[in-house]
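I opened my notebook to jot down what I looked up, entry by entry.

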Amino acid sequence: MSNINGKWQQDNTYDAIVIGSGISGGWAAKELSEKGLKTLVLERGRMVKHVTDYPTMNFNPWDLKYADRVPQDEIDKHYPKQNRTGYTVRQGWKHWFVKDDEHPYTEVKRFDWIRGYHVGGRSIVWGRQSYRWSDLDFEANLKDGIAVDWPIRYKDIAPWYDYVEEWIGVSGSNEGLPQLPDGKFQPPMEMNCVETDLKGKVESKFADRKITMGRTAHLTEPTEQQKKLGRGKCQFRNLCMRGCPYGAYFSSNGASLIAAEQTGNMTLRPNSIVHSIIYDKEKDKATGVKILDAESKQEMEFYAKIIFVNASALNSAWILMNSANERFPTGLGNSSDQLGRNVMDHHFQVGASGNAEGFEDRYYSGRRANGIYIPRYRNVDAKSRQKDFIRGYGYQGGASREGWSRLIAEMNFGKGMKEQLHEPGRWTMGINGFGEFLPYEDNRITLNKDVLDMYGMPTLTMDVEIKENELNMRKDMQASAIEMLEAAGIKDVKGYDRNYGPGLGIHEMGTARMGRDPKTSVLNSWNQMHDVKNVFITDGACMTSAACVNPSLTYMALTARAADYAVSELKKGNL
Amino acid sequence: MNRREAIKRTSILLGGTLSASAMMGVLNGCKAEPSITWAPEYFTTDEGGLVEAIVGRIIPLTDTPGAIEAGVPQFIDTMMAGFYQEKEKNTFREGLKKVEEDAKAAHGKPFAKLSEEEQDALLTKLDQAAFADGVDRGTPDFFRMAKELTVLGFCTSEAGATEFLKYEPVPGDYKGCIPYSEVGAAWATS
């Protein structure tokens with residue numbers, strides 16, 4: 001990748017600037033540079049080169065210090081918030097997450113802000129589940145009379161979903177469901193015996209339910225185009241979060257930034273912390289971006305005709321707030337006062353699990369970094385209407401056989417325990433709900449000038465909570481999970497509602513929403529700021545509602561669509 | 001020195017991973033003074049010998065490697081040296097002391113010099129106290145720590161994962177429903 005080489009000192013003007021190199025920034029970089037724009041990508045964190053900068057990717061279990069565990073004093077010092085997931089702070093991948101002591105934020109209410117500051121951002125560690133939205137989602141706010149209407153419908157984004165799915169590679173199976181549109185999929189991964197059995201039983205007992213294989217951004221049958229980029233088939237190692245040496249799952253580092261690099265039009269500049277967007281009152285446009293170089297500690301300015309803001313939902317809002325000026329005293333393009341409001345996530349950690357009997361002589365081989373998916377079935381039509389909540393949820397889950405860790409807390413030792421250790425344990429089956437989180441204006445983030453980060457910049461204060469609709473939905477998410485597993489013959493079914501806090505889904509959305517009216521939204525139907533026409537925001541900030549499916553695929557599709565529009569407007573002389 | 005090197009070095013010193021323990025099995029009941037062939041970072045040599053004796057009974061050598069052959073004592077030493085905080089380290093150290101005291105009180109000999117039957121009888125008492133129904137498992141307990149560390153260290157070791165469990169670094173494919181006999185052991189990683 002073309003690192004900075006001094007060229008900018010002579011000429012710090014580009015056609016486009018992209019702020020952020022995560023899943024949406026990588027796409028903006030690829031699309032804009034492929035369309036011929038000289039594109040500067042600013043990334044606040046360090047360089048991470050595909051494969052060569054994945055230090056633990058090929059480690060065996062015995063190569064990881066402390067058997068992959070991180071000492072409590074290190075967690076307490078550096079990762080008290082990043083560790084709230086229970087899985088992010090491990091020897092194998094803690095280097096993909098920020099140190100909380102270096103990057104503080106303030107919680108009026110608990111908010112789990114799990115981040116990685118480096119080239120590729122969270123695209124290295126994302127969950128890879130990739131689902132399309134439907135008109136059920138795009139029409140929901142209008143029908144329910146809450147927040148504002150989405151300015152687009154499924155037909156507007158469908159061709160971009162096609163384009164993105166084919167390019168990134170998504171494996172999955174088409175089911176013909178109106179609430180979860182079909183896509184352009186590579187062959188689905190296999191279900192195991194217990195999952196197949198569950199599918200048959202649930203689908204026969206509940207006419208409105210489907211169990212499908214998780215749709216995931218892993219290559220199962222790479223295209224020529226993907227092979228040319230150096231990407232290969234998934235090897236079923238289930239070490240994705242360490243970075244994939246096969247380039248088998250989609251990440252910015254392993255795909256979109258490589259494509260952008262190959263155009264010769266992209267300059268990638270790591271260690272470039274964006275301070276603000278420069279606004280010219282006379283031109284009524286943004287003219288560039290002011291950064292702090294994290295290494296030299298120098299402030300610098302870069303200029304461009306268009307700016308794509310892809311710093312992730314909360315940081316994109318932060319940049320706009322920190323760009324306040326005389327014309328926009330509360331934040332660039334914030335005449336609607338919606339900037340930083342309507343923070344959403346997906347609420348989850350609620351569901352059920354139990355034991356499956358009858359497959360003791362069966363096992364599996366390979367480690368599948370994927371599970372089954374049960375698409376939404378609540379509030380999808382008149383018949384499925386719920387009285388206690390609007391919107392709905394889907395379940396992600398899977399079956400597996402217990403491994404050696406089951407014996408740690410059992411009485412027994414010696415030869416007898418060793419014999420048990422040698423054998424796999426029971427089959428367990430669990431499903432975990434992911435529910436829609438409504439947009440509430442008072443769920444907001446604000447700029448905090450009293451708490452500064454290690455660079456002396458203001459930080460964020462989070463004031464976000466789940467409310468009655470989410471709490472009611474969670475009761476049904478648990479009850480329905482128990483009901484389904486029991487009906488399918490799973491034994492010892494236990495429901496759970498673990499300690500969910502907003503942000504824990506790592507699907508932050510909504511802080512600069514799209515809408516039809518500049519008075520009530522920040523962005524128009526093309527992810528373009530109503531107030532400042534040459535600024536586009538295509539990360540989670542743009543989302544007008546949250547739906548119940550994983551959002552990254554939609555960010556990528558919206559980014560490709562916005563880039564296409566921005567370039568055509570630029571060519572027409574409108575920007 | 002990382003763990004892998006530690007294990008390798010140990011096996012070089014032993015001249016083959018199984019010899020020392022195999023001999024201990026043969027010489028059951030007439031053991032030499034406990035001595036270890038590795039240099040602990042945290043434990044004293046005596047403690048290291050006691051840890052070996054205990055983990056060797058938790059996961060003994062059979063026709064496959066046991067905890068000692070898999071480098072579990074060194075793993076526990078590494079965890080004590082860098083992973084645990086004072087409170088947990090003290091729990092473990094006090095626990096070792098108690099095992100030694102119990103061995104001397106019951107048999108007048110250090111734990112490592114007891115017969116396997118005598119060792120197992122002492123450990124069974126600890127196991128029952130640690131894992132019986134109604135036991136508060138939230139409080140630190142020596143035997144729970146020892147067992148967790150032994151199972152964890154063993155199953156994530158190269159010997160445990162590859163010579164006892166089944167380990168495939170690059171499976172290449174996923175088959176969701178195959179006869180168990182085609183695998184024949186639990187997978188080391190999930």
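Predicted model: local features only at pLDDT ≥ 70, side-chain atom pairs only at ≥ 80, totals over all residues.

Where is the place of Ser312(A)? I found Ser312(A) in the loop between strand S8 (299-309) and H10 of chain A.

Ser312(A) has a positive phi of about 85°, although it is not a glycine. I noted that because most residues other than glycine have a negative phi. Ser312(A) has 27 other C-beta atoms within 10 Å, so I put it down as buried.

I looked up Asp284(A) too, which is not a glycine but has a positive phi of about 55°. Asp284(A) sits in the loop between strand S6 (272-280) and strand S7 (285-293) of chain A. Is Asp284(A) buried or exposed? With 12 other C-beta atoms within 10 Å, Asp284(A) is exposed.

**Entry: a sheet in chain A**

Next I looked at an open sheet of three strands in chain A, with the order S3-S15-S14 and mixed pairing. Its edge strands are strand S3 (106-107) and strand S14 (444-452) of chain A, each of which pairs on one side only. S14(A) pairs with strand S15 (residues 458-463) of chain A over six bridges, in the antiparallel sense. In that pair, I see Arg444(A) standing opposite Asp463(A) in S15(A).

What lies across S14 and S15 of chain A? I found helix H10 (residues 313-322) of chain A there, running at about 65° to S14(A).

**Entry: helix H7 of chain A**

I checked the length of helix H7 (residues 193-205) of chain A. Its 13 residues should span 18 Å at 1.5 Å a residue, and the end C-alpha atoms are 19 Å apart, which agrees. The buried residues of H7(A) are Val194(A), Glu195(A), Asp197(A) and Leu198(A). They cover an arc of only 160° around the axis, so they lie on the same side of H7(A). Turned away from that buried side is a face with the exposed residues Gly200(A) and Ser204(A).

What do the buried residues of H7(A) pack against? I listed four strands of chain A: strand S9 (347-356), strand S11 (372-374), strand S12 (393-401) and strand S13 (427-435).

**Entry: where the chains meet**

How many residues of chain B are in contact with chain A? I got 49 residues of chain B, in contact with 42 residues of chain A. Several elements of chain B each supply at least two residues to this side, including helix H1 (3-14), helix H3 (45-58), helix H7 (142-155) and strand S1 (175-179). H7(B) gives the most, with six residues. The residues on this side of chain B divide into 27 nonpolar, 11 polar and 11 charged.

I also looked at strand S10 (residues 362-365) of chain A, which three bridges join to S1(B); the two run antiparallel. Here Tyr363(A) stands opposite Ile178(B) in S1(B).

**Entry: inside chain B**

I picked out Thr150(B), whose place is in helix H7 of chain B. Thr150(B) counts as buried because it has 27 C-beta neighbours inside 10 Å. Leaving out residues up to four places away in sequence, I found Thr150(B) touching Val55(B), Ile58(B), Ile59(B), Ala67(B) and Val72(B).

Val72(B) is also one of the buried residues in H4(B), and among the others are Phe75(B), Ile76(B) and Phe83(B). I wrote H4(B) down as largely enclosed by the rest of the structure, because 10 of its 12 residues are buried.

Key
Residues numbered from 1 in each chain as written. Chains lettered and ligands numbered in written order. Expected span 1.5 Å × (residues − 1). Buried ≥ 20, exposed ≤ 12 C-beta atoms within 10 Å, placed from the backbone. Arc of directions from axis to C-beta. Contact = placed C-beta atoms within 7 Å. Nonpolar A, V, L, I, M, F, W, Y, C, P; charged D, E, K, R; others polar. Pairing = 2+ DSSP bridges. Axes fitted to C-alpha atoms, helices over the stretch in contact; angles between N-to-C directions.
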